[in-house]
Amino acid sequence: MNSSPAVRMERHGNNGDNGNNGEIALIVLQDSARMNPLGRPLQLRLRELLAEVREDTSLRALVLTAEGRGFCVGADLSSMGGAQGGAQGGAQADGRTLGAQTADNMQQLSNRLILDLQQLPVPVVCAINGAAAGAGVGLALAGDVALAARSAYFYLPFLPRLGIVPDLGTTWFIERRLGRARALGLSLLGDRLGAQQAADWGLVWACVDDEALREQALATAARLARLPAGAVLEARRALDHAAASTLEQQLHYEAERQRDLVGAPAFMEGVQAFMQKREPVFAPRQPG
């Protein structure tokens, strides 16, 4: 597969082995010397690889992780105009303010990266190997299952250090996972949240030993790869619908989804497997 200095992708089999015919994609951020800031080249390459995963129907799960002591430290501040004297918000070379330039870049690239992950038709495991800071928190939480190495932590310097709001979906993710009180506290106080406490609070699925993170992430992805095609999309949509619905509305939504899903091939295979006392074997994704 194509690679770049910033990001690489591998394929792994369901038993975790590295191989060309594996059903699990492993994407690794590799700018470890700088703790993987979200510069434009890295984001563009990451979006390219996510598009590959989306289009390759032989892939059934994704693990996103990084090398070094940081998962992602957020925006590449050294590449922003403010770092070279434009911090007062004056016009940039193209006539836009630094704020307008930043917002436009987010709308055209960074926000789409988060949506790429949320809309991917395969389950996504984020293996958070180290510090997730700033916008890196949004990236770390954009998957379906988050595993954090014991040495990892989450840090939101936006408001206390920079006077800007958390972005890349961070406010959306932390409020829904932690509740308003903890989300506000993390946003305003800027305290580091360690991996174990993050797991205890429900921000991530589990905290694991550093040396076991990659193996555990691949093992989790292998389990998810055995799900029926479309299962992760159904789960995301159902929970999103529940977050904005009354109980009565959600009961109606569930019944209507069963109208379409009960009797479909995945359901019939599940029933047969139950009757035959075996594990179900679901068909892979279909093109289109």
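The lining of the second largest pocket divides into 15 nonpolar, three polar and five charged residues, where Ala, Val, Leu, Ile, Met, Phe, Trp, Tyr, Cys and Pro count as nonpolar, Asp, Glu, Lys and Arg as charged, and the others, Gly among them, as polar. The model is predicted, local features need pLDDT of at least 70, side-chain atom pairs count only at pLDDT 80 or more, and totals for chains, interfaces and linings use all residues. Residues are numbered from 1 along each chain as its sequence is written, and side-chain values use heavy atoms, with hydrogens and water left out.

The second largest pocket holds about 670 Å³ of space and is lined by 23 residues, of which Gly143, Asp144, Arg177, Arg236 and Leu239 lie nearest its centre. Two or more lining residues are given by each of strand 7 (145–149), helix 5 (170–178) and helix 9 (231–243). The largest share, seven residues, comes from helix 9. Helices (H or I, at least four residues) and strands (E, at least two) are DSSP runs, numbered from the N terminus. On a 1 Å grid over the protein atoms alone, a pocket is an open set of points with protein on both sides within 12 Å along at least five of seven lines, a cavity is a set of points where a 1.4 Å probe fits but cannot get out, and lining residues have an atom within 4 Å of a point. Grid points are joined across faces, edges and corners, and a volume is the space filled by probe spheres set on the points.

Two cavities of 30 Å³ or more are present in the structure. The largest cavity contains about 100 Å³ of space. Its lining comprises 15 residues, of which Arg60, Leu227, Pro228, Ala229 and Gly230 lie nearest the centre, and helix 8 (213–225) and helix 9 each supply at least two residues. By class, the lining of the largest cavity has twelve nonpolar, one polar and two charged residues. The second largest cavity, with a volume of about 40 Å³, is lined by Val137, Phe154, Tyr155, Leu156, Ile174, Leu186, Asp191 and Leu203. Seven of these residues are nonpolar, none is polar and one is charged.

The axes of helix 5 and helix 6 (residues 180–189) come within 7 Å and cross at roughly 135°; axes are lines fitted to C-alpha atoms, for helices over the stretch in contact, and angles run from 0 to 180 degrees between N-to-C directions. Helix 5 and helix 6 are therefore oblique to each other, given that angles under 35 degrees count as roughly parallel, over 145 as roughly antiparallel, 65 to 115 as roughly perpendicular and the rest as oblique.

Helix 9 also packs against helix 10 (residues 247–261), with axes that come within 10 Å and cross at roughly 160°. The pair is therefore roughly antiparallel. The crossing of helix 9 and helix 10 is right-handed (the near helix is turned clockwise from the far one by less than a right angle, anticlockwise being left-handed). Glu234, Arg237, Ala238, His241 and Ala242 of helix 9 meet Gln249, Gln250, Tyr253, Arg257 and Leu261 of helix 10, contact meaning heavy atoms within 4.5 Å. This contact has four nonpolar, three polar and three charged residues.
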